[in-house]
Amino acid sequence: MNTSAPVGHALDAPGVAPGGTRSRSHTVGPPLWLLLELTYRCPLHCVFCYNPTDFANTGPELSTADWIRVLREARALGAVQLGLSGGEPLARDDLEEIVAEAHTLGFYINLITSGIGMTEARIKALKAAGLDHIQLSFQDSTREMNDFLSSTRTFELKAKVAELIRTHDYPMVLNVVLHRLNIDHVGEILAMAEALGAQYVELANTQYYGWAWLNREQLLPTRAQLERAEAATRAFRERVGAKMQIYFVVPDYFETRPKACMSGLGSVFLAVAPDGTALPCHAARTLPGLELPNVRGADVRAIWYDSPAFNRFRGDAWMKEPCRSCPEKVKDFGGCRCQAYLLTGDADNADPVCDLSPHHHLVTAAVARAERAAAAPAVAAPQSARAQGLTFRDHRVSIPVVIEEKRT
Ligand code: SF4
Ligand code: SF4
């Protein structure tokens with residue numbers, strides 16, 4: 001499942017003094033936002049999947065009892081918002097049991113799903129268990145592109161799940177990940193959302209981690225595409241008014257300041273991977289030298305407050321120049337650590353999206369390559385993408401990220 005939601009959302013960081021004193025446990029706020037990646041199993045094969053590219057090498061999934069213990073420990077610390085994602089969380093037979101426990105504990109529970117595996121019986125059971133909210137993903141407004149991008153025939157299934165969501169009185173919340181191959185369809189995507197009765201649509205431009213990082217050269221849109229998509233979104237907003245809220249997440253490669261990623265690592269967000277690895281952001285496995293704790297061997301309180309991994313990027317002592325002396329560090333915390341590492345090879349560097357970074361040219365060069373690729377002779381999108389050698393998320397090709405060749 002793509003969970004773009006936590007990436008780049010500007011949550012406040014409670015208990016954090018400006019300038020950052022978060023390395024001492026008594027000044028660290030609770031992990032308000034808990035994301036449980038219940039499984040890496042997924043019937044889809046999305047080219048932009050944020051799951052680690054070597055997911056097939058991770059250990060066995062946590063048991064139901066383990067997940068329930070994590071819920072209890074996190075709630076005791078003050079976690080309130082719960083995301084259940086994956087992979088595809090509906091692949092877990094115990095999803096209803098996990099939801100019921102989370103509801104009893106008082107979490108607000110959001111299921112982030114491709115919809116595959118949802119049935120009338122399951123949605124009824126999830127509703128009875130106390131599920132608050134469902135976010136359904138589509139890959140595109142057309143069957144051809146939706147099915148191509150996920151390498152499955154799932155478009156009609158998703159439409160049926162949207163109908164189930166509506167008839168069971170959940171708000172209709174859709175997520176569509178945008179990139180070069182579908183961003184020109186934003187008008188049609190919004191029309192599809194309207195026809196499905198959506199109240200909230202997230203148009204989330206791809207964040208380049210995991211499988212999307214592997215496919216960045218094929219997925220990064222051009223500036224002209226982005227401007228057209230923003231214009232289409234504005235026109236649609238003017239037409240439908242308050243009936244539908246549209247959240248357009250701009251691809252940060254086109255910005256000059258980075259996102260305040262996770263409001264700073266170790267500030268408000270805690271993810272737990274299927275094998276129990278605790279992560280300060282869902283891409284943090286990428287970061288070398290970060291000894292990520294596991295909920296099988298430690299309780300959530302110890303992980304959150306005391307583990308070196310969760311303290312590593314608290315405060316500002318880790319920062320290099322230009323971030324260290326920059327007045328904007330209290331707003332953006334130097335940007336995304338994973339992006340800094342993937343692009344520059346050093347997680348302590350400023351996020352190269354920032355035009356004050358000495359590595360900003362790596363971002364502008366990637367955008368320039370996207371412009372050149374788009375200027376090549378036009379071929380219908382699926383055929384063109386096939387020819388360009390996209391790597392689809394798949395167990396059989398689950399591989400370590402090849403970083404070196406991307407740092408150009
Ligand atoms: S393959 Fe697609 S649906 Fe499955 S987890 Fe990845 S992004 Fe989500
Ligand atoms: S130099 Fe660092 S802190 Fe300053 S704006 Fe850029 S990324 Fe943010």
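1. Glycine 87 sits in the loop between β2 (81-85) and α2. Here helices (H or I, at least four residues) and strands (E, at least two) are DSSP runs, numbered from the N terminus. The bond joining glycine 86 and glycine 87 is a cis peptide, with omega about 20°.

2. On the basis of the note: this is a predicted model, in which local features need pLDDT of at least 70 and side-chain atom pairs count only at pLDDT 80 or more, while totals for chains, interfaces and linings use all residues. Residues are numbered from 1 along each chain as its sequence is written, and chains are lettered from A and ligands numbered from 1 in the order in which they are written.

3. The protein chain has 15 helices and nine strands. Of its 408 residues, 50% are buried. A residue is buried if 20 or more other C-beta atoms (placed from the backbone) lie within 10 Å of its own, exposed if 12 or fewer, and partly exposed in between. Two residues are in contact if their C-beta atoms lie within 7 Å. Among contacts between residues at least 6 apart in sequence, 75% join residues at least 24 apart.

4. The largest nonpolar core has 110 residues, and Cys281 and Cys338 have the most contacts inside it. Such a core is a set of buried Ala, Val, Leu, Ile, Met, Phe, Trp, Tyr and Cys residues joined through C-beta atoms within 7 Å. Leaving aside residues up to four places away in sequence, cysteine 281 touches Cys261, Met262, Leu265, Phe269, Ala271 and Cys338.

5. Helix α1 (residues 64-77) packs with α2 at an angle of about 20°, their axes 10 Å apart. Axes are lines fitted to C-alpha atoms, for helices over the stretch in contact, and angles run from 0 to 180 degrees between N-to-C directions. The angle makes α1 roughly parallel to α2, a term for angles under 35 degrees. In this contact, Thr64, Trp67, Ile68, Leu71, Arg72 and Arg75 of α1 meet Glu97, Ile98, Glu101, Ala102 and Leu105 of α2. By class, the contact of α1 with α2 has six nonpolar, one polar and four charged residues. Ala, Val, Leu, Ile, Met, Phe, Trp, Tyr, Cys and Pro count as nonpolar, Asp, Glu, Lys and Arg as charged, and the others, Gly among them, as polar.

6. α2 also packs with helix α3 (residues 120-129), at an angle of about 20° and with axes 8 Å apart. These two helices are therefore roughly parallel to each other. Glu96, Val99, Ala100 and His103 in α2 meet Ala125, Leu126 and Ala129 in α3. The residues of this contact divide into five nonpolar, one polar and one charged.

7. Glycine 106 lies in the loop between α2 (95-105) and β3 (108-113). Glycine 106 is exposed, because 11 other C-beta atoms lie within 10 Å.

8. Some backbone angles deserve a look. Most residues other than glycine have a negative phi, and most peptide bonds are trans. Aspartate 169, in the loop between α5 (155-167) and β5 (173-178), has a positive phi of about 65°. Aspartate 169 counts as exposed, with 7 C-beta neighbours inside 10 Å. Phenylalanine 333 has a positive phi of about 55° and lies in the loop between α12 and α13 (337-344). With 29 C-beta neighbours inside 10 Å, phenylalanine 333 counts as buried.

9. Another cis peptide bond runs from glutamate 321 to proline 322, with omega near 10°. Proline 322 is in the loop between α11 (308-311) and α12 (329-332).

Note on methods: Angles under 35 degrees count as roughly parallel, over 145 as roughly antiparallel, 65 to 115 as roughly perpendicular and the rest as oblique.
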